[in-house]
Amino acid sequence: MKTVMGAPPLLDPNKTMMGSAPNLNATVTIKPVQCPVCKTFNPIGLAFCKECGLIFEKSLEGDAFGAPEVKLPVLVDSTGREYVVRPGTQVIGRQGDILIDDSRISRRHARVDSIDGNITIEEMGSTNGTTVNEVPVEVGKASPIPQGAEISLGGFTLKLSMPGVTHKTAMPMGGKTQSIAAQPTNRVAFAKLISEDGSYDIFDGMSSFGRRDSNEIVLVNPYVSGKHGDFVVENGELSFTDTGSTNGTMVNGDKLEINEKRSLQNGDVMRIGELELKVQFVEVNA
């Protein structure tokens, strides 16, 4: 008898086929992760963008197990870029856990500890030194960082922003209403911005809008720029101008040009990245 070589059997799509295991000697190409906000390519395995700090690994929905979403403290630089301070110990530097690529900062510049909501910083023998509110931080001695304090790393400045501690009504990603220290006023809002996480009032006059705490309308979301744009209520009309944001602004699917003033109507939908905001005019009872 002879062995007859025939055509290979046809693959049955309804059957599970056993394939060969990967060859350990073969080179496998792994693509880096691109940040959807600043477009920086990051090495595999990072939980957050090394450039802008966007967290890649999103937590479960706030009510998945009946627990609220946790908001972490952030260090904010002069451009509005945020660096998340996670619980425990982390090193700030050009090669640290909190990665800041600036020539004034040493590779391992300072150590930050976050324990039960208390933030401290310790100088690690950097070239240019560290200060908190212009007070030098000693090597090996932990100095507390209060809310709003200015940290200087050799001239590179950061401000600490604690979640829920602000004199403005901020609309965070977690959807929880933050407490305000200022006494409420009797001003009546002309309109509201509505998202799945909450709402924010728009009053008469011009209101700057963005992620930085210096804006009148503060929306803590990674798709929103530090200074994103301006809302203006004048002569009973509402408008918005994108003043040069990173991710742009769309109104009813139409992308705004930079510095283009767009009139907004009741029910209009604004989109910034994956964030959707609905404009709702406030009806005032006579």
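Visitor: Which residue stands opposite Ile98 in S6?

Guide: In general, strands of a sheet pair through backbone hydrogen bonds, either parallel or antiparallel. Here, Ile92 stands opposite Ile98 in S6. This is a predicted model, in which local features need pLDDT of at least 70 and side-chain atom pairs count only at pLDDT 80 or more, while totals for chains, interfaces and linings use all residues. Residues are numbered from 1 along each chain as its sequence is written, and side-chain values use heavy atoms, with hydrogens and water left out.

Visitor: How many bridges join S5 to strand S6, and do they run parallel or antiparallel?

Guide: A strand is a DSSP run of E with at least two residues, and a helix is a run of H or I with at least four; both are numbered from the N terminus. Two strands pair if DSSP finds at least two bridges between them. S5 and strand S6 (residues 98–99) are joined by two bridges and run parallel.

Visitor: What joins strand S5 to strand S7?

Guide: Five bridges link strand S5 (residues 88–93) with strand S7 (residues 110–115), and these two run antiparallel. Within this pair, Gly88 has Ser114 in S7 as its bridge partner.

Visitor: What is the order of the strands in the open sheet of six?

Guide: The order is S4-S3-S13-S12-S9-S10, with antiparallel pairing. Strand S4 (82–84) and strand S10 (135–136) are the edge strands, each pairing on one side only. At the S4 end, three bridges join S4 to strand S3 (residues 74–77), and Leu75 stands opposite Tyr83 in S4.

Visitor: Where does Asn133 lie, and what is its phi?

Guide: Asn133 lies in the loop between strand S9 (130–132) and S10. Its phi is positive, about 50°, although Asn133 is not a glycine.

Visitor: Where is the place of Asp116?

Guide: Asp116 is in the loop between S7 and strand S8 (118–123). Phi of Asp116 is near 55°, again a positive value in a residue other than glycine.

Visitor: Is Thr241 buried or exposed?

Guide: Buried means under 20% relative accessible area, exposed means over 50%, and partly exposed is in between, with a 1.4 Å probe and protein chains only. Thr241, in strand S19 (residues 237–242), has a relative accessible area of 17%, so Thr241 is buried.

Visitor: Which residues does Thr241 touch?

Guide: Contact means heavy atoms within 4.5 Å. Not counting residues up to four places away in sequence, Thr241 touches His228, Gly229, Asp230, Asn259, Glu260 and Lys261.
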